[in-house]
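Please look over the sequence and the structure shown here before reading on.

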Amino acid sequence: MRISNQSQTSQMKRTIGSLQSRIATHQTNIATGTRVRSMSDDPAAAAQAFKFNRQLRHLDQYSRNLDDAKTWLNLADQATQTINDRMTRARNLMLQADSGVLGQDPRSAIAEELRGIAAEVSDALNITRAGHPIFGGTSSTDAPFAANGTFSGNGNAVLRSVSDTVRLQVNIAGDDVAGTFNAADPADGNIMQVLYAAASDLDSGLPASTHLDRMDVLQQSVHSAQATIGSRQRAVDGHEERIADTRVTVEANRSEAVDVDITRELLDLKATEVSYQASIGVAGRVLNSSVMDFLR
Amino acid sequence: MSVEGLSSAVTGLLAHRRRLDVISHNVANANTEGYSRQRVDLTAASGSATGIWSGSSSSLGGVTISGISRSRDAFMEMRAISASASASELRTSVDFHFDVESILGEPSDSGIAAAMDDLWASFDDVANFPDQLPQRVALVNSARILTERLGAADSGLRQLRQTAVETAEATVASANVLANEIATINKTIMTGAASTNHNDLRDQRDVAVRHLADLTGARVVDRDDGSVDVYVGNSSVVQGALTFELSVTETADASLSPVGLQRVDVMVGDSVRLTSMGGELAGVLTSANSTAPSALSSLDGVAATLASTVNAAHRAGEDLNADPGSDFFTGSTAATIAVHTDIVDDPSTIAAAAAGAGTRDGSTAMTIADLRNSSTGADSLYESFSVMLGMSTSSVERRSAAQSATAAKIDESRLAARSVSLDEEMVDLVATQRAYEASARVVSAIDQMLDTLVNRLGTVGR
């Protein structure tokens, strides 16, 4: 086959150029740490990376939602704890008032304290998360429980998305904690109503112990609310763990799909460099020799 | 006899001086683009015709120059032209695909996909704090960022498409210039004396034809009168000294009107639409008539789905004023989609709650946020669009790389056949020099012989 000077130089330029561009690619891969910088670099890997990136962004939001859910449940936990404490105190006071050794004045003082406890309980029931009363459902009222026990909230669920499919309920209906408001028979109503009923009985010289049964029922429902909160807190912890695990897996998968294996990349770069140097060496020698060196 | 030998030796001297001229021309043009090595074709002069028939032994002899030919492999030239035209078509296509890709910029944390996820996250935030204004304002911002990115991608694609149209116009203008150049050379060759050596003009014409083929995928047919005819696609562009002007027009097309574009056509004269051309022009036209419109329409599809799914869910909800939700997005194309002005003006009109559930309910916002997982939603559409674009880019890229390598190799074979090898010329130079010296020696030998005949003969006994 005939070789001309132009075909020879053109071939040399082409082969050396392709080696140079391979070196450049290796260099960019190493510098950016990823070998998929656009969808076309490796469509299959890029498609995976696309999915993984989206999944990671979703996980970010789910863990934010989960943090909020945690705050809600912690607030509810504290509130129910306070309510439980105050109810125990009220129960003791009622027993104390009925012990028979107290005159009307101390009994009136106890009645006053019971009313104070009712106010504390309604305060605890009106506790808010960023302006949202946690026992008021989704209603727009700012304080769902009035001091006398009137309930103006609703029983709607407040939910948080914590995964593609799971929505976790983070609130407990006000009725489930405080008992149902009963306008007709306050003694069979919610915590505040019963406390007020007991206080007025004490004021009018009647025994308070008649309300103890209702108090027990109400305290039971506070306990079961606490149990619900506790189990939801465990669910939150479970979801938190799952999100952390998933994140690690997804990040590993993404890295597997698109990240540069530095060792391999460096070895490839070295090999390409060697052939680059060899080919410019050869080019230098071939271009230097000519038949003119040998003709006289 | 000796005198005839003298004259044939003179033809040898002249012929080799001519060869020397041609060698020096070759060496001078060793690196000229499109130059083909020239050869002096020598023929032994076997005497006059009458000499042959008369049986006369008298013969002039010597050497004649039958012509100066170009060394080129016609088949290789053809292959190189078509391979290089396909390579430049694919290269144009790849460049365009790369540009489209870089406009979308995926996969990244600042692209449309990320903006959509930010939007869903903002809906989730509103669902978490339904009655809080800051989250609603943040949601409006996220939504605006998304619509702006869709709009920016759309206008970027349209600008890119406009560039393709302008490139088509520039390409056609260059093609017309080249066609005129070819026709002019044709005319010179056709009208010039048959004996005139047109080799260098032919080389120039080869270069023009190659450029024209790279631009338009032109094919070339040699004619007996030394001219070439050039065809592009379904039409003739150069015939002898005639050219047919190409021009670019835009025509309404049903498949392009949904994205508000017109089809770009190349016309020959006023009425014939050029089809099945190749080269850069074909690449540019495919980009302008197919790649860009389909990317634009995919983007519009994403915008339309985004608007319709979010709007449908949003209308079912209720805002902070207990009014039913309006549309969240207005417009249904990537260029026109925007957050409803009422919502921008007053974010409390975002219907985050379910109807009648109170202002602290976020279930509608949560339903909208869940659209991120919809397999028919805007995210999925956009994802499959990005992946498909990546696939087609990478397949065009691979084809282009293969075609460029093939074209380069064929071109090297073509160059190997036609361009100058200095070593060869040097060897020829030595051979020519030797032959010249030998011819000169023959002249001096005959001279000595004549000297013998004229001056030494008949001197016996002198």
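This is a predicted model: local features need pLDDT of at least 70, side-chain atom pairs count only at pLDDT 80 or more; totals for chains, interfaces and linings use all residues.

Residues are numbered from 1 along each chain as its sequence is written, and chains are lettered from A and ligands numbered from 1 in the order in which they are written.

**Contact between the chains**
- Chain A brings 41 residues to the contact and chain B brings 49 residues, where two residues count as in contact if their C-beta atoms, placed from the backbone, lie within 7 Å.
- On the side of chain A that touches chain B, the elements giving two or more residues are helix 1 (5-32), helix 2 (43-97) and strand 3 (159-161) of chain A, and helix 2 of chain A gives the most, with 12 residues; helices (H or I, at least four residues) and strands (E, at least two) are DSSP runs, numbered from the N terminus.

**Domains**
- Chain A is assigned domain 1 (52-254) and domain 2 (261-296), with bounds that come from an automatic or database domain assignment, and the centres of these two domains of chain A, taken over C-alpha atoms, are separated by 80 Å.
- Chain B is divided into domain 1 (2-71 + 420-456) and domain 2 (78-411), whose centres, taken over C-alpha atoms, are separated by 64 Å.
- The contact between these domains of chain B takes 7 residues from domain 1 and 7 residues from domain 2.

- Leaving aside residues up to four places away in sequence, A:Leu195 touches A:Ala90, A:Leu114, A:Arg115, A:Ile117 and A:Ala118.

**Strands of chain B**
- Strand 3 (residues 219-222) of chain B runs antiparallel to strand 4 of chain B, joined by 4 bridges, where pairing requires that DSSP finds at least two bridges between two strands.
- Strand 4 of chain B also pairs with strand 5 (residues 235-239) of chain B in the antiparallel sense over 3 bridges, and B:Val230 stands opposite B:Val238 in strand 5 of chain B.
- The hairpin of strand 4 and strand 5 of chain B has 2 residues between the strands, and B:Gly233 takes a positive phi near 55°.
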